[in-house]
Amino acid sequence: MATVRLSFSPAPVHVRTARLVGVAVARRAGVREDLLDEVRLAIGEACTRAVALHRQYGLPDPVLVEMSDGGSYAVRVVDRAPIEASIGLAALPPDELANESLTDEALTTGVGFALLAGFVEDLQVRPVDEGVGTEVRMVWPVGR
Amino acid sequence: MELSLATRTVGEHTVLEVGGEVDVYTAPRLRERLLELIDGGARHVVVDLGRVDFLDSTGLGVLVGALKRLRTAGGSFALVCDKEPLLKIFRITALDQVFPLHPTVDAAVGAEPSGANA
């Protein structure tokens, strides 16, 4: 099994780098070409969420992205924010999306989770094993 | 690819052509440009996503923000998009039921401005 680890300061500018690396490793792992757009979007959403949480809580700690290809392509995006791991998982119904009372942050969070849930069949959001934080785990099949 | 933004006028519509990647890093620039246009008096805005090759939740949030602002101001807001990967993003988030989506700028400009309330 090959593993690639990337950790980056929680700044929006680095999310693109994480996407590019995530897709490059996916391609190398043998993920089907037609899934790569979804891999790119999902890794981007998971990293965007982690960066937003670190900024919200003033955490300078890096966001960790770990990619591994042991029979499938698994990506873990780990943040260090002190939140309940399941918060925000509910997708927003259309009539609420354009509701005036919904804040931009709530909308973006809801839409981000809708994209993750919609594009990743094998998705888990759970507390990290050690310490404080959340791990978003995504798995894609590799089709050699 | 970096974000690119270009504005032109078609009749009473202001068309903002967006290209490149709209993500958590570049979306604030899109938000600024849309606010400039709306604050500058644009009331019928069409955002052409034809040359966008990446759009995430932050970008979608900016577009919804512009839609709300124009609706409050009695204006209209529509999107131009005919790329299947982007259309899928709108379907998955149910935002295809929020935005008027058109395949071409001509179709968007020709549509009734009241379509923004659909």
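The model is predicted: local features need pLDDT of at least 70, side-chain atom pairs count only at pLDDT 80 or more, and totals for chains, interfaces and linings use all residues. Residues are numbered from 1 along each chain as its sequence is written, while chains are lettered from A and ligands numbered from 1 in the order in which they are written.

Across this pairing, A:Leu123 stands opposite A:Met138 of β5(A). Both strands belong to an open, antiparallel sheet of 5 strands in chain A, ordered β1-β2-β3-β5-β4. Its edges are β1 (3–8) and β4 (122–127) of chain A, each of which pairs on one side only.

In chain B, helix α1 (residues 27–39) has 13 residues and spans 18 Å from its first C-alpha to its last, close to the expected 18 Å, which is 1.5 Å times one less than the number of residues. Its buried residues (20 or more other C-beta atoms within 10 Å of their own, C-beta atoms being placed from the backbone) are B:Ala27, B:Leu30 and B:Leu34. These lie on the same side of α1(B) because they cover an arc of only 60° around the axis, taken from the directions from the helix axis to the C-beta atoms. The face turned away from the buried side carries B:Glu32, B:Glu36 and B:Asp39, which are exposed (12 or fewer such atoms).

Terms used: Two strands pair if DSSP finds at least two bridges between them. Helices (H or I, at least four residues) and strands (E, at least two) are DSSP runs, numbered from the N terminus.
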